[in-house]
Amino acid sequence: MYWAKKLASMLFTLLLVSVLTFLALFLLPGDPAMLILGTEADARSLELVRNQLGLDQPITTQYLNWLKGVLQGDFGESYTFSRGYSIAKLVACALHVTIPLAAGAIVLSLAFAIPLGTLAAGRRGGTLDKIILFFAQAGLSIPAFWLGILAIQFFAVYLGWFPPGNMPRWAADPLGAAASLVLPAVVLALPRTAVLTRIVRTAMLETLQEDYIRTARGKGVAESTVIFKHGLSNALIATSTVAGIQLIQLVAGTVVVEQVFSLPGLGRLILSAVLLRDLPLVQGAVFVGTAIVLTVNFLLDCLYPILDPRIKEVW
Amino acid sequence: MRRLISTGIVVMFLLVFTAGCSSTQTSDSAVVAIPTDPEGFHPHHSVAAASGEIAFNIYEGLVKAAPDGSVIPALAEKWSISPDGLKYTFTLREKVKFHNGRDLTAEDVVYCLSRLIDPEISGKAVDFAGVESIEAEGNNVIISLQAPNAAFLALLTESGAAVYPPEEEENLFTRPVGTGPFVLAQWEPNSQLVLEKFADYWHPDLPKLAQVVLKIIPEPATAVNSLRTGHVDLIPRLEAEYLHQVEDAPDLKIIDSPMNLIQLLIINNAVPPFDDIRVRKAINYAVDREEIIEGAAWGMGSAVGSIISPAMDFWYKDLTGTYPHDPEQARALLAEAGYPDGFSASLHLPAPYPLHCSAGEILAAQLSRVGIDLNIQVVEWGTWLEQIYTNREFELTVVGLTGRLDPHTMLNRYQSGSGRNTSNFSSQEYDELLALGLQETDPEQRVAIYRELQSILAREAVNVFIMDPNQLAVMQENLQGWNNYPVYVLDLAALFWAK
């Protein structure tokens, strides 16, 4: 029953998002035919292009046609990119960039945040704690695009360690592709690391004040066991919630970094599609993005009972 | 020990990453940075500029544009025009092959051009409305016109007039098949296009490179960094604001020339107070073009006084002296028109074009000195096209209009009732002379007519024609053979590496 409810609400959210995207684009001024023809357009050529794209049909017909296609697994074809490329393929290509990038960034930030947060909590009020908190504050305040530009100038242009953008295909050059993702993943990871470090630290401090910690210490358990086994494993519950939200933000919110590093990811695809009023492409990409976000949420829900067996009893 | 292991891991990582980004430059290939994906390669349906500039290397028409803007033979080896200007006879080059291996025939040309002029199929049919018939006769293609049209040959150089094998019609969007020097071998949307040498190209010496990779890099800063680190060999159109990052680089060179694009302040001639010629003249006197060129284009542009670019010097009339920068005169004219204290108006600027936005900001400061207070609104391109270009709900806007090879297609923007007449200009004298220009077959007379049309636009102070910004092509020092064209194409066939 719980699962059925969960699934139904997921499907309803997807449908709602698709209607809202459709309406939002419809209400924006500018139409794709005008954007295709630019400053050479006149009434006749506009009419011809609208007719070829099916834009002369009423909005409800356009939406229902789109929905019918999606139900059959067909996202249709884009206006902007050649009509021979299906939207499914365009979105799939973009996910080959965005998913490794988001995953890399989140793994990187967890890898730094957990030890740093734990360390800071263990030395509460000490010099190390202050230094870590200072960097966490700085990491939060630095804008990603600025850091990205600096990182490109130093690591790509000056040192030549990484390519300054334009990622090759995974199949053609896997090492090159991975190399192009390193700097953007670090840039994306930095503010997330900052947030997560503070979360881990706070959660650890709270946990360390619990009675069972005092009991453990009292019966002579080694301090490392207290911190890692009893403390950290409980602090991770709060951390996983925040990390999940961060991951969701990363799937949808890498557009600035994708733009700075010229990565052909989902954010850039949606942005260019909106600017060109490429309705089916926006629809398809937003739909897939929403589906991913919902799935991540769902998986997180499944993760809680593993981290905290008490939740299982509530289910 | 532990330290040793961690150092080892770091070194390994660095090795892996540096190996991944070593330059792939070889002597027979080049990497070119372009800002956007083409929209597809069907000559009759893909009309975006980004498609046309690449398609130039894949398809050919009967004739094509040369770097100096003249019309030169392509698939047609030669042509003749009947004395009355109505009949064009094109003789096809022998043994021209399509990329699919088949020989080009006159019937293929007739098929493609007939679709181009069919308003049910092609958006470009409007330009070809005066074509009476297109016929094949042996190795000749004969095109008859209803009335003489001196712009006709130049129209045939445009990307829509490309010839492709009819049997490939279905897949042309993503798998273009033409007769050009390059074959499209791969297209990864949002990432790159790979052009490979067509071995059976009719010109024995072209193309010189075996492969050209077109990388899609929307951010100019990334393109510049890629060029400086050797990941890219050529940026055909660099924004002037990035010039300082490359001009002192020892391994790079810049080729610049007027790009045949007119940046102008479009004035809506139909709304008050701009329906008063004295107000329009006042604005013209108030503008200091040199200051705009210096401030917005870093000095890389030529001042113009006409909708025709100096790049088209055959047709161009230098009218920059009509309204010299004279704020006193501007204030006097405003007072005469009943605005001694000036007035306020709105200025719309297109967000994706920093060149036009900066120019608009400088222009607003200049106009404020004569009492015209401009309220600047930066709008997104889609909004600009609908609200300003199509619906003409605006007072003033700054934009760039791309030049064509023939002046008629530029000058007919000011024809009464034209769908492209954003300025709402209307003059019977102008319309009549424009019609006359199309029918005139004597080249000298025709030039005189087009120069007179430009004079009318200046005399009526229809718009403020600001500048033709330079096309800045930046490339590796030893890359040779690049030409800037006065039309929107990338000519990749002549590129080669100096030894």
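Predicted model: local features only at pLDDT ≥ 70, side-chain atom pairs only at ≥ 80, totals over all residues.
Is B:Glu158 buried, exposed or partly exposed?

Residues are numbered from 1 along each chain as its sequence is written, chains are lettered from A and ligands numbered from 1 in the order in which they are written, and side-chain values use heavy atoms, with hydrogens and water left out.

**Exercise 1. Classify B:Glu158 and find its partner.**

Step 1: Buried means under 20% relative accessible area, exposed means over 50%, and partly exposed is in between (1.4 Å probe, protein chains only).

Step 2: B:Glu158 has a relative accessible area of 25%, so it is partly exposed.

Step 3: look for a salt bridge, that is, a side-chain nitrogen of Lys or Arg within 4 Å of a carboxyl oxygen of Asp or Glu. B:Glu158 makes one with B:Arg404, at 2.7 Å from N to O.

Step 4: Helices (H or I, at least four residues) and strands (E, at least two) are DSSP runs, numbered from the N terminus.

Step 5: check the partner. B:Arg404 has 13% relative accessible area, so this one is buried.

**Exercise 2. Describe where chain B meets chain A.**

Step 1: count the residues in contact (heavy atoms within 4.5 Å). Chain B brings 53 and chain A brings 55.

Step 2: look at the area. About 4600 Å² is buried between the chains, with carbon and sulfur atoms giving 59%. Buried area here is the accessible area (1.4 Å probe) that two parts lose on being put together, summed over both.

Step 3: B:Glu380 is in the loop between strand E16 (372-379) and H10 of chain B, while A:Arg277 is in the loop between helix H12 (266-275) and helix H13 (279-307) of chain A.

Step 4: compare with the scale from before. B:Glu380 is partly exposed at 23%, and A:Arg277 is buried at 3%.

**Exercise 3. Work out the surroundings of B:Ser306.**

Step 1: B:Ser306 lies in the loop between strand E14 (301-303) and helix H8 (327-336) of chain B. Its relative accessible area is 1%, so it is buried.

Step 2: list the neighbours. Leaving out residues up to four places away in sequence, B:Ser306 touches B:Ile262, B:Lys317, B:Leu319, B:Gln454 and B:Phe465.

Step 3: find the polar contacts (a pair of N or O atoms within 3.5 Å; within protein, one must be able to donate a hydrogen and the other to accept it, and residues adjacent in sequence count only if both atoms are side-chain atoms). The side chains of B:Ser306 and B:Gln454 are joined by one of 2.7 Å. The B:Ser306 side chain also reaches the backbone nitrogen of B:Ile308 at 2.9 Å.
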